Structure formats: structure tokens, C-alpha cells
Amino acid sequence: MNFQKISRLRGEITVPGDKSISHRAVMFGALAKGRTGITGFLRGADCLSTISCFRQLGISIEEGADKIVVEGKGLHGLQAPADVLDTGNSGTTTRLISGILAGQKFTSVLNGDASIQKRPMKRIMTPLSQMGASIRSLNGNDCAPLEITGSPLRGISYLSPVASAQVKSAVLLAGLYADGETSVTEPAVSRNHTELMLKSFGADVRSEGLRAVIQPEPALYGMDILVPGDISSAAYFISAGALVPDAEILIRNVGINPTRDGILRAAKAMGADITLLNEKNTGEPVADLLIKSSTLHGITIGGDIIPTLIDELPVIAVMAAAAGGTTTIKDAAELKVKESDRIAVMTENLSAMGCDITATEDGMIIHGGKPLHGAVIDSHSDHRIAMSFAVAAMIADGETTIRDADCVRISYPGFYRDLEMLCVT
Ligand code: S3P
């Protein structure tokens with residue numbers, strides 16, 4: 001797909017529902033008794049993988065025009081799947097469902113696409129095995145395909161070496177089936193949607209700083225869930241609004257959970273003009289975001305903020321390329337094990353556009369301010385890379401071509417249409 005430089009952006013958009021929250025709403029709805037109605041569900045390929053896995057586990061899920069209805073069967077109502085569960089490109093589906101399957105009375109096999117078959121699964125295999133689950137990487141490389149045989153589980157206190165909401169959630173979900181309390185302590189706080197949503201379904205779960213604690217065998221009851229707009233999708237418009245010379249964009253109804261709002265803090269620290277309007281709480285905090293063009297400068301991003309903006313670092317790197325001075329991104333080695341190696345792929349592609357960028361072991365050093373020029377960008381079939389370079393293309397001289405641009409279907413099927421809607425020529 002080809003892109004040109006843009007000088008003006010105007011208008012209002014509503015980004016699709018939060019990916020993390022959409023996955024969880026289907027999963028927890030399936031484990032609850034009764035009906036769960038999900039409004040604002042993200043109909044991206046990843047969340048559709050979660051729906052199809054739970055259908056294979058015997059859950060009826062109806063997809064209406066603006067509502068998904070899950071007929072939950074309770075904690076012990078899942079059925080053995082007849083076939084391999086296909087998690088597609090979705091790390092969240094793969095890791096969270098593993099925690100649930102660890103507590104069932106049957107064996108399941110999980111597999112996904114080529115990217116999923118390279119993503120590290122030892123991080124969930126270790127704690128789930130400690131709880132007593134039988135979980136095996138069928139190729140012996142600690143990646144999917146995974147065979148999980150449900151077993152009686154013990155509650156554990158797990159000290160996680162990584163700040164990962166997927167690891168934390170897998171252990172907490174297995175904890176629903178354990179013989180006692182289960183806790184996870186992380187090196188930094190990761191997104192807390194599992195804790196917030198499980199609690200509203202009726203679970204006894206609490207957060208104590210870096211530690212999340214859950215009690216087993218709760219009675220979960222179906223409920224109505226309103227999914228806020230995904231701040232990770234809004235991030236592309238936040239960046240475009242800051243970077244394009246004459247821009248003013250209103251993004252409506254964006255989730256601003258403090259465990260996810262690092263992009264707002266980092267962009268503001270770089271000089272971005274962002275105003276939060278109409279703040280409210282709909283189970284998760286939400287706000288409208290007003291973004292205006294600004295002049296950005298480089299900053300250092302590292303430490304505890306990293307888990308709160310981990311998925312936004314590719315587009316933050318694009319902002320850094322245009323910002324005056326140096327931006328250092330550190331403590332972000334997790335970027336190497338996302339849908340692609342995002343340190344290598346950002347460095348390769350931003351260099352191709354004329355940016356002075358160096359990859360480091362745990363991040364990137366970007367000497368910003370050099371004008372970018374169009375180039376051929378390889379998205380490596382990573383949705384966040386494709387969307388980040390659609391933003392970079394808006395400020396680059398000449399034409400930019402993004403290969404496999406269609407991979408945005410994973411998290412934001414209408415992305416290019418929404419972007420075009422804001423472009424005023
Ligand atoms: C997610 C957690 C993060 C994030 C991913 C979604 C989740 O992954 O990168 O896009 O929904 O729990 P990690 O847990 O691997 O950091």
C-alpha cells in the first residue's frame with residue numbers, strides 16, 4: 001500500500017474497542033454463569049480467534065451488529081475441544097487460555113500462526129507447571145503448539161521475572177481452579193484489566209502494589225460490559241496529530257487506565273499538546289483526547305513506565321525520529337518478543353527513511369530531527385509496525401510503500417479508512 005506526505009489533519013474519530021478488554025470479556029463471560037453482553041467489542045482478527053476458541057470449548061457466542069452475547073457455563077462448564085484450538089496471531093489468546101485450560105478435566109492442544117509459533121511460552125509453562133499443570137511444547141522449543149492436560153492445581157506465590165499482563169493473567173486464571181490462594185508479584189505493574197474485570201464478575205481478587213492475589217472457586221456471574229476505545233489504537237492518531245504541521249483531532253471515548261496511559265505521559269513529556277475531556281468511569285476510566293500539532297523534543301523512556309506503553313513504543317519511536325534531540329528507549333527488551341522483533345524492525349525501517357537510529361539490547365537510541373524520506377517498509381506482518389509507518393509516511397518526503405499493510409486487521413481493520421477520513425487536502 002502507498003502513502004504520501006500530509007500537511008493537515010482535522011476531525012473526530014472513535015477508535016475500535018480495546019483489544020485486551022475484548023479478549024477478557026469473552027473469556028470471563030464464558031467462565032461466568034449466565035449471559036454476558038459485550039458492547040464495543042473489537043472485531044479484529046485477534047479477538048475473533050478468542051471467540052472461535054471458546055466456541056470450540058462448547059460456549060455459545062452470538063455476534064450481533066453492535067453487541068456480542070456470551071452464554072457462560074460457569075467455571076466448570078467448558079467441554080473438551082474436538083480439534084486443535086487455533087489462536088491465530090494472538091499472544092493474549094494463547095497465554096490467557098493456557099491458564100484456563102490448565103484447570104480443566106481434559107486435554108487440549110493450542111496452536112497459532114508462524115509468529116505465534118516463535119513467541120516464548122516458557123514464561124507461562126513455568127508457573128503453570130509449578131501449580132501442577134501438565135503443559136508441553138510439542139516441538140520441544142518452549143513455543144506453541146502446546147498440549148495442556150488439565151490437572152488439580154495448587155495455589156502458588158509466583159515471583160514473575162517479567163512485567164507481563166499475559167503471564168500475570170494466565171497464573172491468576174489458573175488460580176480460579178487452585179486449592180488455595182494464588183498470587184503473582186511483578187517487577188513493575190502491568191495492565192490490570194484482568195483484576196478489574198474478574199472482580200466485577202464476582203471474583204475475590206485484589207491488587208497490592210506489585211502483587212495481585214486471587215482466591216479459588218468464586219461464583220462468577222454474567223454481566224454487561226462496555227469496552228472503551230483502545231488507547232493502543234488511539235496512539236497512531238495521537239502521534240499523527242502531534243507530528244502533522246496543521247492538525248487538530250478529537251479521539252472520542254479512549255480507555256485511559258493508568259496501567260495503559262504511558263503514551264499520554266511520554267508524548268506530553270516530548271511536548272505534545274494533548275487535552276483530556278469528558279473524563280468518566282465505565283468500569284474502566286475513559287476520556288476524549290484532543291490533540292493539536294506541536295514541536296517535539298527527545299526524552300529518555302525507561303523503568304516502570306515501560307509496561308504502560310509497551311505496545312506504543314513503535315509509534316513513539318516515530319515521534320522520536322521527528323523530535324529535536326535524542327530519545328533513549330531502555331528497559332524494553334520485551335519488544336524483541338512481540339509479533340515481530342520490534343527493536344530490529346523499527347531500526348531497519350526508520351533507518352530506511354533516513355532516521356539516525358541505533359538498536360540497543362533493551363531499546364533504541366534515536367537522534368531525531370533529520371527529515372524523513374519515503375521508503376519501502378517491511379511490516380514483517382506486524383500490525384503495530386504497519387500502523388506506525390503509516391504515521392511516519394505522513395511526515396516523510398515522497399512516497400512510502402508498506403508491505404503487507406493489511407496486517408492491521410489483527411487489531412484495527414478500519415485503520416486506513418479512519419486515517420484517510422482525517423486527511424484534509
Ligand atoms: C496484553 C499484554 C501485553 C501487550 C499485549 C496485550 C494483554 O503483553 O503487549 O499486546 O492483553 O494482556 P505482555 O503481557 O507480553 O507484556
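Predicted model: local features only at pLDDT ≥ 70, side-chain atom pairs only at ≥ 80, totals over all residues.
I start with a term: helices (H or I, at least four residues) and strands (E, at least two) are DSSP runs, numbered from the N terminus.

Residues are numbered from 1 along each chain as its sequence is written, and side-chain values use heavy atoms, with hydrogens and water left out.

**Thr-87**

Is Thr-87 buried or exposed? I find it buried, at 0% relative accessibility. (Buried means under 20% relative accessible area, exposed over 50%, partly exposed in between, with a 1.4 Å probe and protein chains only.) I then listed what Thr-87 touches, skipping residues up to four places away in sequence: Ser-49, Cys-53, Thr-93, Thr-94, Leu-110, Asn-111, Gly-112 and Ile-116. Contact here means heavy atoms within 4.5 Å.

**The whole chain**

I counted 12 helices and 23 strands in the protein chain. The radius of gyration is 21 Å, close to the 22 Å that the globule rule gives for 425 residues, so the chain is as compact as a globular protein of that length. (The radius is taken over C-alpha atoms, and the rule is 2.2 Å times the number of residues to the power 0.38.) Along the principal axes, the C-alpha atoms fill a box of roughly 60 × 40 × 40 Å.

Of the 425 residues, 60% count as buried. Among contacts with a separation of 6 or more, 74% come from residues 24 or more positions apart. The chain exposes about 14,900 Å², and carbon and sulfur atoms supply 50% of that; the areas come from the Shrake-Rupley method with a 1.4 Å probe, and for residues only the protein chains shown count as cover.

**The sheet with β4**

Next I looked up an open sheet of 4 strands, in the order β4-β5-β3-β14, with mixed pairing. Two strands pair if DSSP finds at least two bridges between them. At the edges are β4 (60–63) and β14 (224–226), each pairing on one side only. From one strand to the next, the twist averages 15 degrees. (Axes are lines fitted to C-alpha atoms, for helices over the stretch in contact, and angles run from 0 to 180 degrees between N-to-C directions.) β4 and β5 (residues 67–73) run antiparallel, joined by 4 bridges. Ile-61 stands opposite Val-70 in β5.

**Aromatic rings**

How many aromatic pairs does a search of the whole structure find? I get 7. Rings of Phe, Tyr and Trp (its six-membered ring) pair if their centres lie within 6.5 Å; planes under 30 degrees apart count as stacked, over 60 as edge-to-face and the rest as tilted.

I picked Phe-237 and Phe-415, whose ring centres are 5.7 Å apart with planes at 50 degrees, so the pair is tilted. Phe-237 lies in α7 (residues 231–243) and Phe-415 in α12 (residues 415–422), so the pair ties together parts that are 178 residues apart in sequence. Phe-237 is buried at 0% relative accessible area, and Phe-415 is buried at 0% too.

Phe-415 also pairs with Tyr-416, edge-to-face, at 5.3 Å centre to centre and 70 degrees between the planes. Tyr-416 counts as buried at 14%. Ring pairs link Phe-3, Tyr-236, Phe-237, Tyr-412, Phe-415 and Tyr-416 into a cluster.

**Around α8**

In helix α8 (residues 262–269), I find Gly-262, Ile-263, Leu-264, Ala-266 and Ala-267 buried. What do the buried residues of α8 pack against? They pack against α7, β16 (273–281), β17 (285–292), β18 (300–301) and α9 (313–322). Just after α8, Gly-271 takes a positive phi of about 110 degrees.

β16 and β17 run antiparallel, joined by 7 bridges, and Lys-280 has Val-286 in β17 as its bridge partner. The two strands form a hairpin with 3 residues between them, and Gly-283 in the turn has a positive phi of about 100 degrees.

**The sheet with β18**

My last stop is an open sheet of 4 strands with mixed pairing, in the order β18-β19-β21-β20. β18 and β20 (356–360) stand at the edges with a single partner strand each, so one side of each is left without a neighbour in the sheet. β19 (residues 325–329) and β21 (residues 363–368) pair in the antiparallel sense over 5 bridges, and the bridge partner of Thr-326 in β21 is His-367. Helix α9 packs on this sheet, touching β18, β19 and β21, and its direction makes about 25 degrees with that of β21.
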